Amino acid sequence: MRTGSSIFLLGVVLTLVAFSSQSISATADQDPADENLTSAMAQMAATF
Amino acid sequence: MSYLATHDGGNVYYENYGSGQSAIILVHGWGMSVRTWDHVLPDLVTSGYRVVLLDHRGCGQTDKDFADMSINAIAGDVVALARQLDLTRVVLNGWSLGGAVVVSAAAALKQACVGLVLTGGASPVYTQKPDFPHGGTNDDMQATLAALAQDRVNFLNGLAKIICAKPVSPAIENWFEQIFLQSSPMAAQTLGELAVLDQRELLAGLTMPILSFVGDQDGFVAPDICRWVGRNNPNAQVVEFEGVGHAPFIEAQQDYLAALNNFLKQHL
């Protein structure tokens, strides 16, 4: 049971890490004028 | 517990480590508190510096019900605290929105401010202008304020997870979230002011040494905003961290502390 929980938690962490990395990669590739249009905070706001 | 009594009847919480008339004052970012400097504070105290920290209006243990939550009002609290503690040589270090606060405070302190540090500083401008192509748009800011108003708890939960670009533990994310939740919803007024902020003339004209820390993956304050001072003020140097997001003092702690200590050794 404990092993299963640990694997589940690890999966959550890896998913969050992957999400963060993708967000940042998208930001880094933008022109300066557009860089914050896909910023982490703006992306977060857009989901609400 | 130490509090500064403000001119408009409120109380600003501060912490004061060490003694003497020289000090570094640490000013946190929007919605945060003095606790966000916990990765920096022990090292500075151990190095022998007097360190002063304060909570913004509406944040941490400072009063929440100020009528004036503006960046200039918070800067006024920084100046008043420096004078109350009889500090004659001060280095100001502002993180994120705290960067705009310390730029304003540095101008007011004049010669008493012997150095300025911007850590992912949201200055001189935060949203795009016709002649400033960096940062988000006013629409981005309005969307952020709307999200905060609509679902503050979940928005701040999500925000806490993406402050850092480098992987950090869930405990760090939870720590950020808890600090966010300690702030008042009314502190959104301060954040909204970033949409109209323009400190270009002020920042370019400051004459003290300036150090700007940049995380090249910062998703909160566009890196080119943090780089601006290096191109527009001859007294400024920029230290950039590769692969780092909005919290270089956590994501690149040792390099951050080394550069900060070097700056303090030279100027404080």
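## A guided tour of a predicted two-chain model

Begin by selecting chain A, which has two helices and zero strands; helices (H or I, at least four residues) and strands (E, at least two) are DSSP runs, numbered from the N terminus. This is a predicted model, in which local features need pLDDT of at least 70 and side-chain atom pairs count only at pLDDT 80 or more, whereas totals for chains, interfaces and linings use all residues. Residues are numbered from 1 along each chain as its sequence is written, chains are lettered from A and ligands numbered from 1 in the order in which they are written, and side-chain values use heavy atoms, with hydrogens and water left out.

With chain A still selected, colour by accessibility. Of its 48 residues, 25% count as buried; buried means under 20% relative accessible area, exposed over 50%, and partly exposed in between (1.4 Å probe, protein chains only). The accessible surface of chain A is about 3100 Å², and carbon and sulfur atoms hold 66% of that area. Such areas come from the Shrake-Rupley method with a 1.4 Å probe, and for residues only the protein chains shown count as cover.

**Salt bridges**

Next, display the charged side chains. The whole structure contains eight salt bridges over all chains, each being a side-chain nitrogen of Lys or Arg within 4 Å of a carboxyl oxygen of Asp or Glu.

Select Arg35(B) and Asp38(B): their closest N and O atoms are 3.0 Å apart, forming a salt bridge. Arg35(B) is partly exposed at 28% relative accessibility, and Asp38(B) is partly exposed at 31%.

Move to Arg200(B) and Asp131(B), a salt bridge with its closest N and O atoms 3.2 Å apart. This pair links distant parts of the chain, 69 residues apart: Arg200(B) belongs to helix H7 (residues 200–205) of chain B, and Asp131(B) to the loop between strand S6 (113–119) and helix H4 (138–161). Is Arg200(B) buried or exposed? Arg200(B) counts as buried, at 17% relative accessibility, whereas Asp131(B) is exposed at 56%.

Then select Arg227(B) and Glu240(B), whose salt bridge has its closest N and O atoms 2.5 Å apart. Here too the pair links distant parts of the chain, with Arg227(B) in helix H8 (residues 223–232) and Glu240(B) in strand S8 (residues 236–241) of chain B, 13 residues apart. Arg227(B) is partly exposed, with a relative accessible area of 23%, and Glu240(B) is partly exposed, with 38%.

**Ser183(B) and its surroundings**

Centre the view on Ser183(B), in the loop between helix H5 (170–182) and helix H6 (188–193) of chain B. Ser183(B) is buried at 4% relative accessibility. A polar atom of its side chain lies 2.6 Å from the backbone oxygen of Phe180(B). Which residues touch Ser183(B), leaving aside neighbours within four places in sequence? They are Gly31(B), Gly58(B), Cys59(B), Lys64(B) and Arg152(B), where contact means heavy atoms within 4.5 Å.

**Cysteines and a last stop**

Select Cys59(B), which is buried with a relative accessible area of 1%, and then Cys226(B), which is buried at 2%. A search over all chains finds zero disulfides, a disulfide being a pair of cysteine sulfur atoms within 2.5 Å.

Finish at Ala80(B) in helix H2 (residues 71–84) of chain B, a partly exposed residue at 31% relative accessibility.

Key: A polar contact is a pair of N or O atoms within 3.5 Å; within protein, one must be able to donate a hydrogen and the other to accept it, and residues adjacent in sequence count only if both atoms are side-chain atoms.
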